[in-house]
Amino acid sequence: MNRYWRILILFFVVWKFISADAATSAGIFLSEKLKSTLIQANPALHAHPRATCVVNPLEPPIRALKFWRHVAPIVLHYKFTEYWFKFAHIDNKTKRYETWEKLHTLHAPTGLKCILELRGLFVKIGQVMSSRADFVPRQYVDVFSELQDSVPPWEKERVQRIVQQSLMDSQGLKIEDVFESFDEVLGSASIGQVHKAKLTTKFGGDIVAVKVMHPNAETRFRNDFKIFRTLCKVALPGWDPILRELEMQMMTEFDYMNEGHNLLRVGKNMAKSPYANKVKVPHPMLDLCSKNLLVMEYLAGKKLAVAIEEKLASILGGDVGMARKVLKAKQQALFESKHSGHQNKGFLKELDDILGESNSDMSVIEKGTKARQLMSMTRDARNKLSLLLDATGHQIFNDGLYNGDPHPGNILVLDCGRMGLIDYGQTRSLTKHDRLALAAVVCALGKKNVDIHEVSKAMHDFGFHSRDNNEENIAKFAALYFDSDAAGKRLGYATPQKYLQYLNSIDPMVEVPDPAVFVARTSFLFRGLGALLQQQLNTSQHWKKHAKIAIDTKGEHLQLYNLGLTPIVI
């Protein structure tokens, strides 16, 4: 029997005999004993607020048990189904599809329950999955979407104690010296949570957003990576490179002072860019920031996906349920398409079908009015995505400084009409060489008639090397990383991961430069965002003008230049 199956069965047996509640109770009891011992050794700890943040030495194994208690039965179910198909010789594609769909529907809620119970790294992984509608089964995307910024928050009083300690340590200030009010949670995620607050008149009296890191978050993440790495070995071998990349990125997020400096640099870059009046990055108050506290300008607005959903609901007479149904119908059609994103049935026809089912009494004039409103809404969504891609292209190729984690929860539609870009904890930088090498690849991909040799040479100059130097295959890798998943869909591969495995089976990549990995991930995330907003994106088509400018200027930073936006034509 495969040793990984034995591991899973062992965890499953342990789950049966050791309840999570019992394990948690034991951990809490021993943690209190440890805390008591420490206080007896040093009475000064009794009054010190950080005494409440003693790390429970049993927390890692307890979290592992809880994780496998939820996940082992899921993995076993998928593995059993996979072997059942193989040994029962079930080749009927419809039967296989329906079976997998039932499994996804059954297990996605359990996955969310596990994430919400454990939080930490698993929230971040859930966020990544929920933003990859082109990569992850739609049931998981739908269920995990609430993780974008709706993770159950910590108690306000507990967060205020962290803020108080941080201000006292770094500035010698009390919380009431800095904040006139400390209000509701704006968002809660894997590492920390954000509150809306108002500064005292001494510090300007402005409304601000206060980002607070959860205690012991960094230690917890390191342990969680070990747990998830075991899952990758057992059930998700294709995820191992993704996990290594995620670990490299995530472990740079545990310093909010560094994020504050990133916000300041990116904000200055955007202020002198062609997008200064279209994109807004929050300004940090660095004097009030520390490793676990970030105070920054408050941006009033809504998440992009929420804003589009609400706009569609208003067109449909306030019916939010109908709006979600329409959007998910289009998303599913795009996700399941084996073509390059052009559907046999247009968006308006799909909407007309749905409206016809529940609005049979609607007059032709009313339907025409709604159709025009829907067309306007679709055009607006596409233009916003175009703006985001253009602004990011400018950051990558001109500034060499960009957000490596542009998931949907980090993109806002502001009340002032601009787009808000938040959360720069995973800011990535590119050297002049990196920007020029990447620009050569993107320019080659962006041509109407792509030259395979030119693309392959540009990839090689960037630092990509394959086993056999198969130029055609290397060009396909380039398109997958920096343009679209269309080629894989045309060949019948449902996800980029399966298409990547196919390309590796022909001529595997043996060397991939780190800067390329992070830019490719950004490209994938934007494509996932496009799928969530029912749009098929080709990132190289948006980035090629920025890449061409970088090549023409030999990678020199431009202080300001005139660049027109390119909205997607409907």
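**Notebook: rings and cavities**

I looked up F67 and found it buried, because its relative accessibility is 3% (buried means under 20% relative accessible area, with a 1.4 Å probe and protein chains only). This is a predicted model, so I kept its limits in mind: local features need pLDDT of at least 70, side-chain atom pairs count only at pLDDT 80 or more, and totals for chains, interfaces and linings use all residues. Residues are numbered from 1 along each chain as its sequence is written, and side-chain values use heavy atoms, with hydrogens and water left out.

Next, aromatic pairs. I searched the whole structure and got 16 (rings of Phe, Tyr and Trp, the last by its six-membered ring, pair if their centres lie within 6.5 Å; planes under 30 degrees apart count as stacked, over 60 as edge-to-face, the rest as tilted). F67 and F122 are stacked, because their ring centres are 5.1 Å apart and their planes are at 20°. F67 sits in helix α3 and F122 in helix α5, 55 residues apart (helices are DSSP runs of H or I, at least four residues, numbered from the N terminus). F122 is also buried, at 4% relative accessibility. I noted a cluster too: ring pairs link F462, F464, F477, Y481 and F482.

Then cavities. I found seven of 30 Å³ or more (on a 1 Å grid over the protein atoms alone, a cavity is a set of points where a 1.4 Å probe fits but cannot get out; lining residues have an atom within 4 Å of a point; a volume is the space filled by probe spheres set on points joined across faces, edges and corners). Helix α15 gives its lining the largest share, three residues.

Technical notes
Helix = DSSP H or I, 4+ residues; strand = E, 2+ residues; numbered from the N terminus. Buried < 20%, exposed > 50% of the residue type's maximum accessible area, 1.4 Å probe, protein only. 1 Å grid on protein atoms, 1.4 Å probe; cavity = no way out; pocket = protein on both sides within 12 Å on 5 of 7 lines; lining within 4 Å.
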